[in-house]
Amino acid sequence: APPRLVGRDDILARCHSALSQKQVVAISGGSGFGKSSLGSVLAAMWQGSPFWFTLRRGFNDKLSALFFSLGLFLHQRGQSGLWQQLLADGGRTAPELALSLSVIGLSHLSSPPLLVFDEIDLLQQTEVETDEQAQLRGLIEALIQRTRQSLPILLIGQQLVFAPDLHQPLGGLQPA
């Protein structure tokens, strides 16, 4: 998190309140407007452990990358079902099973984690997307639907991809 966030107090309070009510919050805006900085402050304020997943095209925009990251996150917090299944299957766990194990693991944590997906607009539907990207978009949508009102989710990107409970567009800062 940045040492100080300037000019975003109202937005920060609104987003934190919605996340505290286990809502899906989306922060959108142009490049360099402070979306990730705002998200990192929200994650630092969170009582539980935040799970942060930044999408990188061609690097981790695959189901397996998200499942391994989430599986390790859960394993480190005592919920090893997804991690053990991924290891047993050599990383080729059926997506529906991995999703179910993710939801079960997340629901059994002592305090709800904040799920943060940064650069989420990389999952915008395009004509040149891969099957993996389409599957990842579908999985995140299913995760949102299955955990709505039980886990807070923060979506960060230049454009909306999924329907949030609260959409907070960011513009430039005022000179004052």
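**Note on the helix packing and nonpolar cores**

1. Start with F117. Setting aside neighbours within four places in sequence, F117 is in contact (heavy atoms within 4.5 Å) with F51, F53, L66, I140, L143, I153, L154, L155 and I156. Apart from it lies another core, of 19 residues, with L5, L12, L38 and W46 among them.

2. A word on the basis. This is a predicted model, in which local features need pLDDT of at least 70, side-chain atom pairs count only at pLDDT 80 or more, and totals for chains, interfaces and linings use all residues. Residues are numbered from 1 along each chain as its sequence is written, and side-chain values use heavy atoms, with hydrogens and water left out.

3. The largest nonpolar core has 33 residues, and F117, I140 and L155 have the most contacts inside it. A nonpolar core here is a set of buried Ala, Val, Leu, Ile, Met, Phe, Trp, Tyr and Cys residues joined through side-chain atoms within 4.5 Å. At least two residues of this core come from each of β1 (24–29), β2 (50–54), α3, α4, α5, β3 (114–118), α6 (131–147) and β4 (153–157). Helix α3 gives the most, with seven residues. Helices (H or I, at least four residues) and strands (E, at least two) are DSSP runs, numbered from the N terminus.

4. Next, α3 against α4. Helix α3 (residues 63–75) packs on helix α4 (residues 81–88) at an angle of about 130 degrees, and their axes are 7 Å apart. That makes α3 oblique to α4. Axes are lines fitted to C-alpha atoms, for helices over the stretch in contact, and angles run from 0 to 180 degrees between N-to-C directions. Angles under 35 degrees count as roughly parallel, over 145 as roughly antiparallel, 65 to 115 as roughly perpendicular and the rest as oblique.

5. From α3, F67, F68, L70, G71, L72, L74 and H75 meet L82, W83 and L86 of α4. The residues of this contact divide into eight nonpolar, two polar and no charged. For these classes, Ala, Val, Leu, Ile, Met, Phe, Trp, Tyr, Cys and Pro count as nonpolar, Asp, Glu, Lys and Arg as charged, and the others, Gly among them, as polar.

6. How do α4 and α5 lie relative to each other, roughly parallel or roughly antiparallel? The angle is about 155 degrees, with the axes 8 Å apart. The two helices are therefore roughly antiparallel. G81, L82 and Q85 in α4 meet L97, A98, L101 and S102 in α5. That contact has four nonpolar, three polar and no charged residues.

7. The α5 and α6 pair packs at about 40 degrees, with axes 11 Å apart. That makes α5 oblique to α6. E96, L99, S100, V103 and L106 in α5 meet L139, A142, L143, R146 and T147 in α6. By class, this contact has six nonpolar, two polar and two charged residues.

8. V103 sits in helix α5 (residues 95–107). V103 is buried, at a relative accessible area of 19%. Buried means under 20% relative accessible area, exposed over 50%, and partly exposed in between (1.4 Å probe, protein chains only). Beyond its neighbours within four places in sequence, V103 is in contact with L143, R146 and T147.

9. Now R137, in helix α6. Is R137 buried or exposed? R137 is buried, with a relative accessible area of 14%. Not counting residues up to four places away in sequence, R137 touches L123, Q124, Q125, E129, V161 and F162.
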